[in-house]
Amino acid sequence: MRNALVLALIFAAACFAQKPAGTKNPFAGDEKAVAEGRELYNHTCTDCHGYDGTPGEMAPGLGASGRRFLRTTDQEIFDAIRNGIPGTAMPRTGLDETSAWKVAAYIRSLRGTAIDAPAPGNPAHGEQIFWGKGQCGQCHMIRGQGGLIGPDLTNVAGRRKLYSIRDALTRPEHTVTTDGGSHEIHLTPLGTYRAVHVVTRDGKTIAGVLLNEDNFSVQMLGTDNRLHLFSRAELRQVNYDAHSLMPTDYDKRLTPEEFQDLMAFLTRLGTHE
Amino acid sequence: MRASKWIGLCVCSLLAAPCFAQSFAELAKADPSNWFSYSGSFGGQRFSALRQIDTGNVDRLGVKWIFHVGRAQELEGVPVVAGGVMYVSQPNEVVALDARSGRMIWRYQRSTRNGGHNRGVAVYDQKVFVGTTDAYLVALDARTGNVIWETRMPGNSPRYQGGAPLAVNHKVIAGLYSTSGSVVAYDSDTGKVLWQWNAIPHPGEPGSETWKGVDAWKFGGGPTWLTGTYDPDLNLLYWGTGQANPDFIGDRRPGDNLYSECVVALDADTGKLKWYFQFTPHDVHDWDSVEIPILLDASYEGHPRKLLVEANRNGYYYVIDRTNGKFLHGAPFVHSLTWADGLTPEGRPIVVPGKEPTLTGNVVCPPTQGATNWPSPSYDPETHAFYLIATEGCSINYRGSENFQPTSVSSNGTGYIESPNEGQRWQNYVRALDALSGKLIWEYKQIGSNHYGPGLMSTAGGLVFAGDNQGVLTALDARAGKPLWHFSTGEKITASPMAYSVDGQEYIGLISGPNVIVFGLAGSQ
């Protein structure tokens, strides 16, 4: 009897502690709505919050890693957008209900990576596009197969947001922003894959991507798939190309179905980190 | 269409660029501009044929660059250099550096919470091989750090103990500890496990007759935590094994306890045991015999012989015929040696009774930390000298109880302390031995250095580079042992120096604490 009472109390406490889920976001997992929510956010919320969910001048980051968020359900985020947060500087945004749900979907998307909510589509067909028509595998590697001149995509969905993968495929000169709250305190390679071609003192031209550089040296991976490590004194010119080697018109060179299937494939590559 | 344009640009450069396609023949040739493995060559000599830095100009040696390995504390690895790129590792991380400038080219990190050691990587055929603390062997593309394959190490709860892998003909060899030590070969192209040699035989297998206690073999032993050596002509691997369990109590494991405390010769293609030599049968002092077995060819007693020489942790220096394991000669290389009264003609120690660990502690010399230990020795084919870090002193060794009942494979049986007695405190020396007789040629006392000590490297410039655990790197005259140059790194040194060259410039590399420090001659690039 006593045990039953204890169990009942524990059950009651558990029920009390659990947050009500509230209304589920009608745009949950909707990649297009998330992209629209991002646009809305960047136009509406960045007087206080930072661009792309980073910390701003007057308000915190909304997707910062390592931060514990108080509002985690769809309903809570929606309510904060529509009604503001009493007792804080967070005002009503004035967004209509549909827009608020889209912004909420975008904010939820900031707090995970693509692997948490992969894009719909046919990933098997997307894999065929990756290695075939899309020519992605000529520059990118997956699990030891593929090219070297671009980043290894084995765990791209474990590291990147869905919209970030879409941007890489469709937005010219897109940049990947960090959460603004962490700073690499150790020396690292560039990680930007900036296109460069250099001319040596004896007149030879080598094209590739920049891996690292400083005032005295240049480290690059050539399009010949070889490393080239120079002292600047050995170079006549270092030319930074205006455009990335990464094509950004995949939404045009592929049919909508092919593009969606490629997204379905890419957003399933990897594991939770 | 930009992709097509760039793909079309994939033409081979005529310029010299780092060449990573180390073929087996190139590895065997050991181009001195590279330092392609933990010991720098298959034979483990830790001798650099570079001679630009020599006894006449070493006083002009200065720091060229420093790279701080983030989050590292005491790195134990030896940098590997191939084609102008240096690879440095700490547990679950490898960084590739431009070996001239020290600038990072790429970094590989593996997410795992498992702690552990890492003593370096191997390079072969455009790949970098590294073991991880969650017991995977990983092959990385040498140009980008991309993972080409990863293989879970075999066995129940495998534990990688940090020894750098050794790449030989289309294979990667690495030590492993599961219920006991083993040596494992992986296909360098695919990561497939090709064979596994287990140090402790199961009942009925050859060697099992040397474990006379009931189920004594189940407590295992024979760890293989340091990198072995390789003779490409004989196609034999030489690998050291550690103590039997429990380390300090032998009551329940009467017998020699094969193949603990051995150097074993394994067929590189099959993993079959060709021969073994046991340094310390039935060890109760934890004198792991994993020290680097150095391979050298020399005229011995009037006949050309393929030799294996080793300074063992038990205090004796050994000369062995590496074709068949025959013991040729042995001599102590420390004065503090009380546990044995010489070696038999077969190389078996003549054990002095009464030196076993006791409940109240029993003095034994050399100490359990060893007359030498994992910091590497070096052999100079020009001076014919074997250089090593030797520790004089004793330890007090204990056993945990009178009727010790081992409960797991990790039961040590208890441990040891440095003897506080006068004349028994630990002191490190750099010693040069005649490689065939083991006779002392010279010694250099490392004042203030008393625990383990980092390893050594000799060079064709007539130098021996020696770190000490007070953080000082010293260049000694290889023939006389006189200090010619020194540098205080500001951090403890727990690794061995190495040498390489890029564009004709010789560099000396060393890991000290969390830093990679590279030295070159003043005025050079």
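Residues are numbered from 1 along each chain as its sequence is written, while chains are lettered from A and ligands numbered from 1 in the order in which they are written. Because the model is predicted, local features need pLDDT of at least 70 and side-chain atom pairs count only at pLDDT 80 or more, whereas totals for chains, interfaces and linings use all residues.

Reader: Into which domains is chain A divided?
Author: The bounds come from an automatic or database domain assignment. The division of chain A gives domain 1 (22–111), domain 2 (116–174 + 249–266) and domain 3 (194–240).

Reader: How many Å apart are the C-alpha centres of domain 2 and domain 3 of chain A?
Author: Domain 2 of chain A has two segments, 116–174 and 249–266, and domain 3 covers 194–240. The distance between their C-alpha centres is 28 Å.

Reader: At what angle do helix α2 and helix α4 of chain A pack?
Author: Helices (H or I, at least four residues) and strands (E, at least two) are DSSP runs, numbered from the N terminus. Axes are lines fitted to C-alpha atoms, for helices over the stretch in contact, and angles run from 0 to 180 degrees between N-to-C directions. For α2 (residues 31–44) and α4 (residues 97–110) of chain A, the axes are 7 Å apart and the angle is about 100°.

Reader: What is the orientation of α2(A) to α4(A)?
Author: Angles under 35 degrees count as roughly parallel, over 145 as roughly antiparallel, 65 to 115 as roughly perpendicular and the rest as oblique. The packing angle of α2(A) and α4(A) is about 100°. That makes the two helices roughly perpendicular.

Reader: How do the residues of the contact of α2(A) with α4(A) divide by class?
Author: Two residues are in contact if their C-beta atoms, placed from the backbone, lie within 7 Å. Among those that meet are A:Ala33, A:Arg38 and A:Tyr41 in α2(A), and A:Lys102, A:Val103 and A:Ser109 in α4(A). Ala, Val, Leu, Ile, Met, Phe, Trp, Tyr, Cys and Pro count as nonpolar, Asp, Glu, Lys and Arg as charged, and the others, Gly among them, as polar. The division is seven nonpolar, three polar and three charged.

Reader: How many nonpolar, polar and charged residues has the contact of α5(A) with α9(A)?
Author: The axes of α5 (residues 123–131) and α9 (residues 256–266) of chain A come within 7 Å and cross at roughly 100°, so these helices are roughly perpendicular to each other. The contact includes A:Pro123 and A:Phe130 in α5(A), and A:Leu262 and A:Phe265 in α9(A). Its classes are eight nonpolar, two polar and three charged.

Reader: Which strands stand at the edges of the five-stranded sheet of chain A?
Author: Two strands pair if DSSP finds at least two bridges between them. The open sheet runs β6-β5-β4-β3-β7 with antiparallel pairing. Each edge strand has a single partner, so one side of each is left without a neighbour in the sheet; the edges are β6 (227–231) and β7 (235–240).

Reader: Which residue in β6(A) is the bridge partner of A:Leu221?
Author: Strand β5 (residues 217–222) of chain A pairs with β6(A) in the antiparallel sense over five bridges. In β6(A), the partner of A:Leu221 is A:Leu227.

Reader: By what angle are neighbouring strands turned in the sheet β19-β20-β21-β22 of chain B?
Author: This open sheet has four strands, and the pairing is antiparallel. On average, direction ignored, its neighbouring strands are turned against each other by 30°.

Reader: Which turn residue of the hairpin of β19(B) and β20(B) has a positive phi?
Author: β19 (residues 294–300) and β20 (residues 303–311) of chain B pair in the antiparallel sense over seven bridges, with B:Ala298 partnered by B:Arg305. Two residues lie between the strands, and the one with a positive phi, about 50°, is B:Glu301.

Reader: Where is B:Pro366 found?
Author: The peptide bond from B:Cys365 to B:Pro366 is cis, with omega near 0°. B:Pro366 is placed in the loop between β25 (362–364) and β26 (378–380) of chain B.

Reader: What radius of gyration has chain B?
Author: The radius is taken over C-alpha atoms, and the globule rule is 2.2 Å times the number of residues to the power 0.38. For 525 residues, a compact globule would come near 24 Å, which agrees with the value for chain B, 22 Å.
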